[in-house]
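Please look through the sequence and the model below before reading on.

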Amino acid sequence: MEENLVDPTADDFERNQELALRPKSLSEFVGQRRVAGQLDLLLKAAKSRKLPADHVLLAGPPGLGKTTLAMIIAEEMSAPIRISSGPAIQHAGDLASILSSLSQGEILFLDEIHRMSRPAQELLYLAMEDFRVDVIVGKGAGATAIPLDLPHFTLVGATTRAGLLPSPLRDRFGFTAQLDFYENSELDKIVARSAQMMEIDIDQDAICEIGSRSRGTPRVANRLLRRVRDYAQVHSKSKVGTAQAKAALEMYEVDPLGLDRLDRGVLDALVKRFNGGPVGISTLAMAIGEEAETIESLAEPFLVRMGFISRTPRGRIATPAGYTHLGLTPPPDLANNSLNSPGNPGNPGNPGNPGNPGNPGNMNGLFDSPASDA
Ligand code: ADP
């Protein structure tokens, strides 16, 4: 069973499960209409010129469809695809041997391209531009570079951290697609499509229940669908209705806006134990018994995106929307301070207001310097 239902990354087992659900063409690919339109044009133009397509960089958070798009590019170009990743290419020689074994028009998909070693990245510059690599033979002063011509291939790079790519590498891509989080209506379509492929009988309200809790991420949507299916199966329901979807997602502690236990733990501690902050991440992590890294990579980006917390130079603070999501009234000074109120794009509001029961005072600065880890 997956450890964290809303983690947008996947292990090899899950990637295998996902294979069957991947859209095979741009017309099947839901959402990202601007990027899909631009890619469509690029591929059609390359096909009409009977040449391999320009190199493509796909940038965006995990689980949004980068691998899927790379496979679609291969499918649409009727070209074979070779798949590797940055962390697997630590030496320039590893890359040289992959490149020299490519066939004309082949797609080379390099996932997490920002994690490739610097010497390999440098070798890639020449390969992308001139379809050539210099193979170094010998060592030291006697080393010589033997140029090796490569077939014309299309590099499709994927990255979650485009900013980490050296600009000479970024500049050599003919087209960069920035993928955005999906709208709920798009996620609903993805869930409906996956349910059909998995032969799950599910009603529209249950689909929407899953879509709205999927944090804008198709991978999370498909994963929640699998857990809802399990729940309905164990409870002998042949058709999944809203009640089963809600019960399953409540059981897995994924709330109506997609916050899980970790997210709520962070928000709860920030509001109740640290009086809304500012507080440094390591103090916050210690308070809830988690690694600072886990909070930074899993909970914080989503809480910031939802407008529930803000990062300030002095540490993390809870926003009025963050208080409201916990069913609490924001302190008047916070509510009046527009600087601290970035607004909440997705919070339907929470009418219940039990007040703030558990604030032991601001513990900011007890364990760490918020300025240093803010
Ligand atoms: P990434 O490479 O960005 O981490 P993937 O391409 O592996 O993401 O997508 C994760 C899962 O989400 C796959 O099962 C894929 O089928 C599904 N998916 C992603 N984007 C879409 C989309 N636009 N339409 C339908 N399914 C999608």
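The protein chain in this predicted model is built with 16 helices and 9 strands. Of its 374 residues, 39% count as buried. Among the contacts in the protein chain with a separation of 6 or more, 71% are accounted for by residues 24 or more positions apart.

**Around the ligand**

- The ligand is surrounded by 20 residues, and the closest of these are Glu18, Gly65, Lys66, Thr67 and Thr68.
- When the shell around the ligand is sorted by class, it has 9 nonpolar, 7 polar and 4 charged residues.
- Two helices, α3 (66–76) and α9 (218–234), each supply at least two residues of this shell.
- Both domain 1 (32–178) and domain 2 (184–251) take part in the shell, since at least three of its residues are drawn from each of them.

**The nonpolar cores**

- The largest nonpolar core has 41 residues, and those with the most contacts inside it are Val56, Leu58, Ala70, Ile73, Leu95, Leu123 and Val156.
- At least two residues of this core are supplied by each of the helices α2 (33–49), α3, α4 (92–100) and α5 (118–130), and likewise by each of the strands β1 (56–59), β3 (107–111) and β6 (154–159).
- Helix α3 gives the largest share of this core, with 6 residues, and α3 also supplies at least two residues of the shell around the ligand.
- A second, separate core of 25 residues includes Leu267, Ala269, Leu303 and Ala318.

**Leu95 and Asp94**

- If its neighbours within four places in sequence are left aside, Leu95 is in contact with Ile89, Ala120, Leu123 and Leu124.
- Asp94 lies in helix α4 and, not counting residues up to four places away in sequence, touches Ile89 and Ala120.
- Although Asp94 and Ala120 are 26 residues apart in sequence, they are 8.0 Å apart in space, C-alpha to C-alpha.

**Helix α8**

- In helix α8 (residues 204–212), the buried residues are Ala206, Ile207, Glu209, Ile210 and Gly211.

How values were computed: Residues are numbered from 1 along each chain as its sequence is written. This is a predicted model: local features need pLDDT of at least 70, side-chain atom pairs count only at pLDDT 80 or more; totals for chains, interfaces and linings use all residues. A residue is near a molecule or strand if its C-beta atom, placed from the backbone, lies within 6 Å of it. Helices (H or I, at least four residues) and strands (E, at least two) are DSSP runs, numbered from the N terminus. Ala, Val, Leu, Ile, Met, Phe, Trp, Tyr, Cys and Pro count as nonpolar, Asp, Glu, Lys and Arg as charged, and the others, Gly among them, as polar. Domain bounds come from an automatic or database domain assignment. A nonpolar core is a set of buried Ala, Val, Leu, Ile, Met, Phe, Trp, Tyr and Cys residues joined through C-beta atoms within 7 Å. A residue is buried if 20 or more other C-beta atoms lie within 10 Å of its own, exposed if 12 or fewer, and partly exposed in between; C-beta atoms are placed from the backbone. Two residues are in contact if their C-beta atoms, placed from the backbone, lie within 7 Å.
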